[in-house]
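Here is a walk through one structure, from its overall form to a few single residues. Keep the viewer open and follow along as each part comes up.

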Amino acid sequence: MARPELKTSLCELLGIEYPILLAGMGSRGKATPAELVAAVSEAGGMGCIGGSGLAPEVIRNVIRKVRTLTRKPFGVDLLLPASLAEAAKTRSEVRSQLREKFPKHVEFIRKLLQEQNVPELEVDNEVVISDQLIEAQLKVLFEEKVPMFAAGLGDPSGMVPRARAQGMKVLGLAGTVSNAKRQAQAGVDVIVAQGYEAGGHTGKIANFPLIPQVVDAVKPIPVVAAGGISDGRGIAAALALGATGVWVGTAFLVADECQIANAMKDQIVKGRSQDFEIQRFYTGKTMRCFKNAVVEAWNKSGLEPLPMPYQKILMDDWNEAVAKAGRWDLHSNPAGQGAGMLTKRKPARQIMDELVAGTIRALRDLHGTVKIA
Ligand SMILES: Cc1cc2nc3c(=O)[nH]c(=O)nc-3n(C[C@H](O)[C@H](O)[C@H](O)COP(=O)(O)O)c2cc1C
């Protein structure tokens, strides 16, 4: 049977069959492993490695693994935080700084672990998000000639000329019109407008007002919509709002190829949209995740979250400890409101096929339900 056709100008720009992109999700390599990235690209979309927080050589290995699984284009996403607190450059040193400067936060976590009967544990690597780390990560992307780079937070202007010279497409994420304009000025090829509904770090503006405003503000730069898109109706709506494609995160977290814990997938499959709330306790920045007892305990503590990277280093050790103890109910689980629509785990290929078929159906149905003259 012929493959269904669903094309926008984005497909030509990125050299892909369908305008559906796997969102870069940086959960220490678990959310977007090579197998998921390659499966999305193989199914006609564009896979994307969430490289943030990974050591440069680890990113290189994932890129090379993707290439053993597919010859189709894919990308790498990195966070380029605009505001990073001055902090040490290794995890152990940041831990010492935490004990010295923020003893109440460290004590709060220690006590919470004790209350939950979870032994303390530290992450066994020295990676800390810093300007130097990002530079080294970008160097790998250039050396490996990755077809697409997505800049999560922050300003990619420094790397755009080199990317352009090398034929690498650059996507810039934005949650407001002003940030989208900044990304346009930085020279990106595509702007990803990410609404309030989204999983992970997110802003305050929902997609219905955000996407059309961004589309108008950055014309003729193509806009891709992100946040809360879990089926073809969402994709059809994004296209109607002026987007040329979609950047989908949460819906792929329940893919068989995604390596987050099964218990985390269950929270997504069983959770309602309202179970995924914005908080700042996992990284210091506003992030939507499954609301668990840890978020509630922080909320009650009266402690302010620390700036990036301190809060993240503190909570990375928490996550390591609870994961080792099998206490996934206490582990962070960033995911979006679109989780409420997801009811089953599936292979990535099936997720992609259903997104494509659902979009075509939704667009066709419109002709039946809406009369225009
Ligand atoms: C587990 C998880 C991790 C994420 N990590 C990153 C990241 O490292 N960089 C980034 O630019 N966006 C990150 N995001 C945001 C996604 O790129 C994307 O914008 C978002 O998932 C889209 O909304 P949706 O989850 O509702 O589909 C993350 C999202 C999730 C759910």
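Before we look at strands, one term is needed: two strands pair if DSSP finds at least two bridges between them. With that in hand, Val-224 stands opposite Gly-245 in S9. Please keep in mind that this is a predicted model.

Let us step back to the whole chain. The protein chain contains 15 helices and eleven strands. Its C-alpha atoms fill a box of roughly 65 × 45 × 40 Å along the principal axes. The radius of gyration is 20 Å; a compact globule with 373 residues would have one near 21 Å, so the two agree. Buried residues account for 48% of the 373 residues. Of the contacts between residues at least 6 apart in sequence, 71% join residues at least 24 apart.

Now back to the strands. Strand S8 spans residues 223-226, with Val-223 and Ala-225 pointing one way and Val-224 and Ala-226 the other way, and all of them are buried. S8 is joined to strand S6 (residues 190-194) by four bridges, and the two run parallel. In that pairing, Ile-191 stands opposite Val-223. S8 also pairs with strand S9 (residues 245-248), again in the parallel sense, over three bridges.

In soluble globular proteins, nonpolar side chains tend to be buried together.

Is Trp-328 buried or exposed? A residue counts as buried if 20 or more other C-beta atoms lie within 10 Å of its own; Trp-328 has 20 such atoms, so it is buried. Not counting residues up to four places away in sequence, Trp-328 touches Ala-261, Ala-263 and Met-264. From Trp-328 to Glu-42 the distance is 31 Å, C-alpha to C-alpha, and the two are 286 residues apart in sequence.

Helix H2 (residues 34-42) is mostly covered, with seven of its nine residues buried. Among these buried residues are Leu-36, Val-37 and Val-40. The buried residues of H2 pack against several elements, including strand S1 (20-22), helix H3 (56-69) and H15. After H2 comes Gly-44, which has a positive phi, near 105°.

A separate stop is an open sheet of three strands, in the order S7-S11-S10, with antiparallel pairing. Strand S7 (200-201) and strand S10 (276-279) are the edge strands, each pairing on one side only. Four bridges join S10 to strand S11 (residues 287-290), and Cys-289 in S11 is the bridge partner of Glu-277.

Finally, turn to the ligand. Which residues are closest to the ligand? Of the 29 residues that surround it, the closest are Gly-26, Gly-152, Gly-200, Gly-249 and Gly-336. The shell around the ligand divides into twelve nonpolar, 15 polar and two charged residues.

How values were computed: Residues numbered from 1 in each chain as written. Predicted model: local features only at pLDDT ≥ 70, side-chain atom pairs only at ≥ 80, totals over all residues. Near = placed C-beta within 6 Å. Nonpolar A, V, L, I, M, F, W, Y, C, P; charged D, E, K, R; others polar. Buried ≥ 20, exposed ≤ 12 C-beta atoms within 10 Å, placed from the backbone. Contact = placed C-beta atoms within 7 Å. Rg over C-alpha atoms; globule rule 2.2 N^0.38 Å.
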